[in-house]
Amino acid sequence: MAAVEPEGSGAGYSPGGGGGGSSGGWRRPHGPLQRYYDPSAAEAEAAPDPTDINGPHFDPEVFLTKIRSECPLGQLLAREAALGREIRALDSDMQTLLYENYNKFISATDTIRKMKVDFRRMEAEMDDLAANMEAISTSSARVSAALQDRHRRGAQLAGVQALLRKLQSLVEVPGRLRRWTAPGGEPARALRCHARARAVLRHYRHLPSFRAIEDESQAIMAGLAQRLRARLRCETLEPKELTECVEMLLQLEEPPEELCGEFLSQAHTRLEAELVALEAELPPTDSPSCTTTPPPASDILDFVDRGSSAFVGTLCLLAASYRSLFEGHPGAGDGRLEAFAAALTARYFELLERRLALERGLGDTSLLVRALDRFHRRLRALLELLPAAGAEAGASLVARAARERVDRYLRALQTFFLGCLGDVRQALAAPRPPGKEGPGLPDLLATLASSVLGQLKAVLAYVQLFTARDVAFASLPYFKGEFCVEAVREGLVVAFVRWLCCTARGFADGPAERGAPVAPPALLLLLARLCLDYEATTISYILTLTDEQFPPPDSGPAVTPGPSLCAEARGAAQRLLDHYVQVQGAAVAQMLRKSVETRDWLGTVEPRNVRAVMKRVVEDITAIDVQVGQLFEEGVRRAQSSDSSRRAFSVYSSSRAPGRYAPSYTPSAPMDTHLLSNIQKLFSERIDIFSPVEFNKVSVLTGIIKISLKTLLECVRLRTLGRFGLQQVQVDGHYLQLYLWRFAADERVVQGLLDEVATSAAHRCLDPVPMEHSVVELICERG
Amino acid sequence: SDSKVMTCAAVWRMPKELESGSHESPDDSSSNTQTLELLCHLDNTAHGNMACVMWEPMGDGKKIISLADNNILLWDLQESSAKAVLSSSAALEGKGQLKFTSGRWSPHHNCTQIATANDTTVRGWDTRSMRQIYCIENAHGHLVRDLDFNPNKQYYLASCGDDCKVKFWDTRNATEPVKTLEEHSHWVWNVRYNHSHDQLILTGSSDSRVILSNMVSISSEPFGHMVDDDELSDQEDQHQEEKVKEPLQDSVIATYEEHEDSVYAVEWSSADPWLFASLSYDGRLVINRVPRALKYHILL
């Protein structure tokens, strides 16, 4: 017991410091384990509590000191008693354990001794067993040797049986083939069957029986091939059937080249039938009068629909099956199919083109666009299959159709414009009820301009359908670039504006020459204004609009710049206005000329009135003034003298005394005034009569007045006048002076010309006695 | 009768001194005016106002054609021009009062053709049958003022009129003019071919201008003056090459603005092909020369 005690104290609580060293050695191996399994112990170690009696850092001194200092006596005693009890209990436990251990050790020793004996016996048994096993294996080898021969025979028999089964099926082949190849049977199965059998048959064909079978099956298959061929040749097959048929024939090892030809010819028949069906809808090409053909029964979309679903669809199908059928077969190279397809598509294009040509009217562009779109889509599908089947031709067909349509729109626009012009002419020519004004020129101009512009916009909108985003062919490079620039911008817009200018110009250039119907002057004026408006705003507007709707590519071909078009329009406007001035001037001049030429200036009586023709001239010019004023701005007038209308109308003095140096050709004019007038002329500007005018009212009127008065001057010079004739001219001139100066840009022009008229009249007068100025004024005011 | 004006025609003889072209001092002429000698009148009382008188271009001066109102009168001068006998005549019939304004006797075809102008129409006549042989309707937009035949090129006729234009016609094709000039700004009263170099055209107009044009393309020498290569030295050869390079183009050579009033007559000198005169209403007679550069260009 004494020996146990220190151990027990070491394990639990050492009451005395003497056992501390030995207890530490015993505990050491357990420390890490305990630490491992009990984290709390580790914690306790982290914060060592020397007062914990169960803890590893227990310090009896500290514990005692702590207890002694902290606890009251009663507690100390109770503690001491408790500790004593615990120690005793532990001691008894320890003794029990030790005893048990000893017992177990004893029993273990016994067991081991027993085992030693047992093993010795087992060793002998094991030797026995080995001997037995050897005996078994030798006998087993004997048995298997005995059985081997029989086994081999069995296997041989099984092989023979399989072979026999195969032979059986081979023998059955002709029957099956016959069954399956019979009309209405399943040729495909027959083929499969034959394909399986064929190799074997071929291999063993040196054996007569096999050869018989082979021959028979081959005969059957030949019969099948013959039937298939016959079918291929004479029947019209659906593309699918055709494919099957040819496939089978291929499997029958018919020559692929020949089959390829057969296939193509069959396909050709079929496609040709489709084309003929399509063609039936078209009027015959050789019909002499294309214009009288009735409009086609179905619209273009329908036609293209049918064409693409029937022809293009079938062609696609056939091409695809051709590809899969003859892939890798020599002699059925791509060339044949391509050529075949190209020829047929070419015909199809031709038909479509003819159909497109029938679209004579403007019709529904959206329908055409949709038709072309569908055509193009289907064609693209075909082209993916057959890249050489005329992609160019198809694209160019679409482009041509679009271009054609644009051209037609241009013509329609031109017709429309001519129609508008016709309306305007009619409105101008329509007799107006007195007192009620017809539509004024500004209204007519506005109507004309707006309707033409509206039509142009509408046409652009229609044409834009060709480049819409959802249309497949709009992504072709042609429609992105060339179409926008060359067809629409140049071919439609620019061409129309050019044509418009040209047509307008034609009114000025053409008809007056060779007696064609002459355009009414008001129309000339209207067109001049129209061209001028085009130059100012409309052209740039139209071009901007076009460029917005049809954006030109960045590096496209050169386009007609706006300014050059504007220049053309301005040129046309100038020409028209000049022509207007000439026409109106000529009308007035004609009146004056007739009045001068038909009058007997020698025998006339003393003037009492202004001649009616002068009043008429003033009226006409006033009317022209109103007309021009409706469309053109006033324009600038040169500053007027304060007393323009009151200016004396000068006629040379009547002195008839011929001066010494007076040349013989002016017997009636005295030298001094003549010289004076010549000197005056030196300083006055030369007047160009038929000179271009500016775009304003004053300039136009000045031009007309100049032409009229110059004519009067020239005509008077051709006449011989008497005294009263001169006086009449004087009166007339004054009257014109009185009423015309206000129309002219520079009244001095009017004065100058009228002065010359008077001077010339005086020169041509036999008895130049001018009228008193006051009398002239009186007559003019009265008239 | 005082109240009636009648245009008449007469045959005159120029004074002998002037005719011989004597080189008298020029200041004598004003003091020493010669008078014309009246030979005979062309009696037109039955036919109306004389508009135009023309001598037979190549003949012996015995034949005269005059245009009076709507009549063409062919006169024979007899007894050394002391008497004019009407040998044949033709009248232009038609709607309204037709009046000839001008006429011209063609120097080609053995002098058997004349051309007349009335209103806007130009007509050709055969003097043997006195029948119309061609007619250019609406030759000008307005009145036709004057005509002239190309002296070196058959069938070529120039006309001018109130539409300010000068037109050149091939009388075998009366529908379209061969060429049109629009340089004047008022009526053109006169057009004249140069007698020897028919590319030179002179026109006078009531815009007070005289214009000299070079109509090479329709002249009898459309490729310029032909010079044999042999005659040229090397230097000239080079010069010739340069000249060939610049193409011969119709152009206005010069516009003469010396006149202050309407020009009613222009005429080439019959002696010097480079000299011409023009006359305007205010009595100014201007004599001009073809520019020297052009002259050499034509000659060399």
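## Chain B overall

Among contacts in chain B between residues at least 6 apart in sequence, 47% join residues at least 24 apart; contact here means heavy atoms within 4.5 Å. Chain B holds four helices and 21 strands. Helices (H or I, at least four residues) and strands (E, at least two) are DSSP runs, numbered from the N terminus. Of the 300 residues in chain B, 45% count as buried. Buried means under 20% relative accessible area, exposed means over 50%, and partly exposed lies in between (1.4 Å probe, protein chains only).

## Basis of the model

This is a predicted model, in which local features need pLDDT of at least 70 and side-chain atom pairs count only at pLDDT 80 or more, while totals for chains, interfaces and linings use all residues. Residues are numbered from 1 along each chain as its sequence is written, chains are lettered from A and ligands numbered from 1 in the order in which they are written, and side-chain values use heavy atoms, with hydrogens and water left out.

## Two loop residues of chain B

B:Cys164 has a positive phi of about 70° although it is not a glycine. B:Cys164 sits in the loop between strand S12 (156-161) and strand S13 (166-170) of chain B. With a relative accessible area of 7%, B:Cys164 is buried.

B:Ser208 is also a residue other than glycine with a positive phi, near 70°. The loop that holds B:Ser208 runs between strand S16 (200-205) and strand S17 (210-214) of chain B. B:Ser208 counts as buried, at 8% relative accessibility.

## Helices of chain A

Helix H23 (residues 723-740) of chain A has 18 residues and spans 25 Å from its first C-alpha to its last, close to the 26 Å expected at 1.5 Å a residue. That expected span is 1.5 Å times one less than the number of residues. H23(A) is mostly covered, with 15 of its 18 residues buried.

An unreviewed UniProt entry lists residues 112-139 of chain A as "coiled-coil region". UniProt positions are given in the numbering used here, feature names are shortened, and annotations may be inferred rather than shown by experiment. In the model, residues 112-139 of chain A are 100% helix and 0% strand, and the end C-alpha atoms are 41 Å apart.

## Packing of H20 and H22

Two packed helices are described by the angle between their axes and the distance between the axes. Helix H20 (residues 612-631) and helix H22 (residues 697-717) of chain A pack at an angle of about 155°, with their axes 9 Å apart. Axes are lines fitted to C-alpha atoms, for helices over the stretch in contact, and angles run from 0 to 180 degrees between N-to-C directions. H20(A) and H22(A) are therefore roughly antiparallel, a term for angles over 145 degrees. Residues making this contact include A:Ile621, A:Ile624 and A:Val628 of H20(A), and A:Leu701, A:Ile704 and A:Ile705 of H22(A).

A:Asp547 lies in helix H18 (residues 521-549) of chain A and is partly exposed, with a relative accessible area of 28%. Its C-alpha atom is 8.4 Å from that of A:Cys484, 63 residues away along the chain. Leaving aside neighbours within four places in sequence, A:Asp547 is in contact with A:Arg489 and A:Pro552.

A:Gly562 belongs to helix H19 (residues 562-597) of chain A and is buried, with a relative accessible area of 16%. A:Gly562 touches A:Ile539 and A:Leu543, not counting residues up to four places away in sequence. A:Gly562 and A:Val494 are 68 residues apart in sequence and 9.0 Å apart in space, C-alpha to C-alpha.

Conventions: Angles under 35 degrees count as roughly parallel, over 145 as roughly antiparallel, 65 to 115 as roughly perpendicular and the rest as oblique.
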